[in-house]
Amino acid sequence: AQPIYLADYQPPAFLIEQVELTFRLAPKTTRVVSQIRFAPNPAAAPGQDLRLDGEGLTLIAASIDGAHVTATPDATGLSMAAATLPDGPFTWEAEVEIAPEGNTALEGLYMSNGMYCTQCEAEGFRKITFYPDRPDVMAPFRVRIESDLPVLLSNGNPAGRGPGWAEWDDPHPKPSYLFALVAGELTARTVRFTTMEGRDVTLNIWVRPGDEDKTAYALDALKRSMLWDEQVYGRAYDLDIFNIVAVDDFNMGAMENKGLNIFNSRYVLASGVTATDSDFAAIERIIAHEYFHNWTGNRITCRDWFQLSLKEGLTVFRDQQFMGDMRSHAVKRIEDVLTLRARQFREDAGPLAHPVRPESYVEINNFYTATVYEKGAELIRMLRLLVGDAQYRGALDLYFARHDGQACTIEDWIAVFEDAAGRDLSQFKRWYEQAGTPKVTLLEDWQDGKLTLTLRQHTAPTPGQPLKEPLLIPVALGLIAPDGTELLPTQILELDSPEQVFRFSDLPTKPVVSALRGFSAPVQLAHAQSSAERAILLGHDTDPFARFEAGRNLARDILHAMIRDGARPGPEYLEAMRLALTDHALDPAFRALVLRLPGEDELAQSLHAAGHTPDPDAIHTARRLALRRMADALAPDLARVVEDMDTPGPFSPDARDAGRRALRLAAAGVLAHADGGAKARAIFAQADNMTEQFGAWSALLAVGAGAEEGAQFHRQWQGDRLVMDKWFAAQVMHAAPERAAKIAAALTDHAAFDWKNPNRFRAVIGSLGAHPAGFHRKDGAGYRLVADWLIRLDGANPQAAARVSTVFETWRRYDHERQALIRAELTRMQDRPECSRDMGEMVGRMLG
Ligand code: DPP
Ligand code: ZN
């Protein structure tokens, strides 16, 4: 397959004035009739052929302005020669046949448990009918659905309903990737919301009968999202109805189709007994994210798929702000940075590194990445820091006013900031174009009351980008006295050269430097500090992220020393942890995060960045030893925290109770390394909520116990798909390294292992890939099992298979023996004539 290049962008030859679609639904023989009013694009070269995308469609008939035409589709669509087209506007009409039942790729129109649904982003609409399937062609849609199923939904407002049919009218011009259709036996929970503009909107969450009692939280999150977008961004909803549908078989998390969001059911359905606190938080975030897309994505969309971060980075940033406002900004920021490092830094350091705005792709589905999403959000956070909060809001107002109804580019985005803030941001734009995580080195010099800080930046080469230019990096920095008082509140240092010096004078005492507060830029900071300095920051910094980070750095340094030299965690570290654990002034959620040691993959990443070849077994062993030492040294404190952090009364998923449960489970989890899991077993036995039931069982599994609890968990939950995903995942994730691949293999033989369901596949195969010591066993059994299953899944659902294949993206970190084993598996995956475009691109890039 040939790559597509950003540099080759051409405006569409034809624009669309109106689309009318009729669906006659049948599992094997759905008919789709399209009537599309085309007009030549005045901004394009005149006299071009009409090219329509189409894949896997059986063309029944086609006409132009009512006159039958002969069209011969090829593998990717069909063309009508310019000479055969009328001058000026014309109506194209076509009838095609498709088979949703056999569609296991879950792209286009497909079926999930007897229900019809669609997924069109990025290029699924071409599997529904012939169309210019590109985001810069926006049109109003009118849709008629014919089916005996009781609930028939599409985008926009309801426009008519009779026995066996329904019509929908979407007045807002939209690209085809936002088209959606749902038909099934569904039931809704409904509320009303009045917008700040006075529009009375019906909000529905549609689920399968029986799941109604699990929709209250999502519906409430939706109302809060709508209100928040009005209050914080001045954006109101623009249709009379907003529908959300939960679907069990779904490749992504959810999809922001105009007025008809379709969700992976795991991000809608929740009750206290079936969903963990993390599930509730994920639901709140994703409901908000998809809703926020209505303005950042739908009203203003992307000109082409290279601009994907224009909507995704911005919408992630907005959902992060929302979650901070709903819960805790400090805790949310820490969690976001942990995710960024675990996923995006990992991606940026390996063969799949790409800029936030890529320059080429073979399959766009492979670019729904942590870089486009999470790093994209970080760029917006930096922009806000550089221009200030008021100018940020001004730039966004300008963006909405200037570009509503348009398909835009990163250039348009940067321009609103330049215009609103009166500032040249051409250097900042490099962040969108340059891949790789910059390394910032901070050197301190203290003399005669003067502090001199030297900041350097360097970005290592990434695939296709051997040379890197200096970036504009906002470094938020403050100074703390050894007794904990703040000597200098946060300043933003703008690092825009390879090396810069910043001086601070008139200081009464040698300060402790608190750098990169709030994680002000997505960089790797190299800043040598003593354990004593880190302990001061952990105990006293005014910036909560910096406090967390100081504790994290302490833990990382100790773990590195344990892994490399067999050192042991010293008393200072254990004392610092004890202080954080028992500090009642601190938010329990924050204490839970501080207590959590860096994960095995994070340690492999940091060892590799420091020039070492990580040994997954040594990392696993050292981490467990550190947990054992913490458990021994802190046992009484941990036990007290477990008692103190109970949450009496009825279950509430709010941030306060969730934080208490997080700390309680974190403490019981550490303690299990000394008490054999006694506390965890007690929590499991008494649990009246999934967070504690599942958290306690996981803690038991992690110390080699939990067999009985696992059996009980299975008996209790075998009828609940989403809880069963947890049952599958936990057994793999917490398996002893030498057993992980065996356990995963056994689970794939389980009657409930429905491998075509993406959630279930990821629960087993994805979890093995996320268990570094288990996946990277020297005998290669983990690699083999994952490759076997990826090959099988590639035949049914290439997009999902390609996504999971990223478990191999870190392979060059490891020793030669492991590299040889992985190379052999990647080659086996690639060397098949039937290897999909999706997987072919991913494996090709990984092999480099
Ligand atoms: N549904 C995905 C998201 O919201 C892609 N747009 O990010
Ligand atoms: Zn999104």
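This is a short talk on the fold, the ligand site and a few local details of one protein chain.

The model I am showing is a predicted one. Let me begin with the whole protein. It has 26 helices and 30 strands. Its radius of gyration is 27 Å, close to the 29 Å that the globule rule gives for 848 residues, so the protein is as compact as a globular protein of that length. The C-alpha atoms fill a box of roughly 85 × 65 × 60 Å along the principal axes. Of the 848 residues, 53% are buried. If you take the contacts with a separation of 6 or more, 70% of them are between residues 24 or more positions apart.

Next, the domains. The entry's "Peptidase M1 membrane alanine aminopeptidase" domain covers residues 217-431. Here the chain is 55% helix and 9% strand, with 37 Å between the end C-alpha atoms. The annotation "Peptidase M1 alanyl aminopeptidase Ig-like fold" covers residues 436-526. Those residues are 0% helix and 54% strand, and the end C-alpha atoms lie 16 Å apart.

Now the ligand. Which residues surround ligand 1? They are Glu-121, Met-252, Ala-254, Met-255, Glu-256, His-289, Glu-290, His-293 and Glu-312. Strand E19 (254-255) and helix H2 (277-292) are the elements that give two or more residues to this shell. By type, the shell has three nonpolar, two polar and four charged residues.

Stay with Glu-121 for a moment. A cis peptide bond, with omega about 0°, joins Glu-121 and Ala-122. Ala-122 is in the loop between strand E10 (115-119) and strand E11 (139-146). Both residues are touched by Tyr-177, which also touches Cys-120, Phe-125 and Pro-135, leaving aside residues up to four places away in sequence. Tyr-177 itself is in a loop, the one between strand E14 (165-174) and strand E15 (181-184). Is Tyr-177 buried or exposed? There are 23 other C-beta atoms within 10 Å of Tyr-177, so it counts as buried; the cut-off for that is 20 or more.

Helix H4 (residues 329-348) bends by about 35° at Arg-341. H4 is mostly covered, with 14 of its 20 residues buried. In helix H21 (residues 758-769), 11 of the 12 residues are buried, so this helix is largely enclosed by the rest of the structure. Among the buried residues of H21 are Arg-760, Phe-761 and Leu-768. What do the buried residues of H21 pack against? Their partners are strand E20 (260-264) and the helices H19 (721-733), H20 (737-748), H22 (772-775), H23 (781-796) and H24 (798-804).

Last, two backbone details. Asp-448 is not a glycine, yet has a positive phi of about 50°. Leu-516, also not a glycine, has a positive phi of about 60°. Asp-448 lies in the loop between strand E24 (439-447) and strand E25 (450-458), and Leu-516 in the loop between strand E29 (512-515) and strand E30 (524-527). Their surroundings are as follows. Asp-448 has 6 C-beta neighbours inside 10 Å and so counts as exposed. Leu-516 has 24 other C-beta atoms within 10 Å and so is buried.

That is the end of the talk.

Key: Residues numbered from 1 in each chain as written. Chains lettered and ligands numbered in written order. Predicted model: local features only at pLDDT ≥ 70, side-chain atom pairs only at ≥ 80, totals over all residues. Bend = angle between axes of the 7 residues up to and from the residue. Helix = DSSP H or I, 4+ residues; strand = E, 2+ residues; numbered from the N terminus. Near = placed C-beta within 6 Å. Nonpolar A, V, L, I, M, F, W, Y, C, P; charged D, E, K, R; others polar. Rg over C-alpha atoms; globule rule 2.2 N^0.38 Å. Contact = placed C-beta atoms within 7 Å. UniProt positions renumbered as here; feature names shortened; annotations may be inferred.
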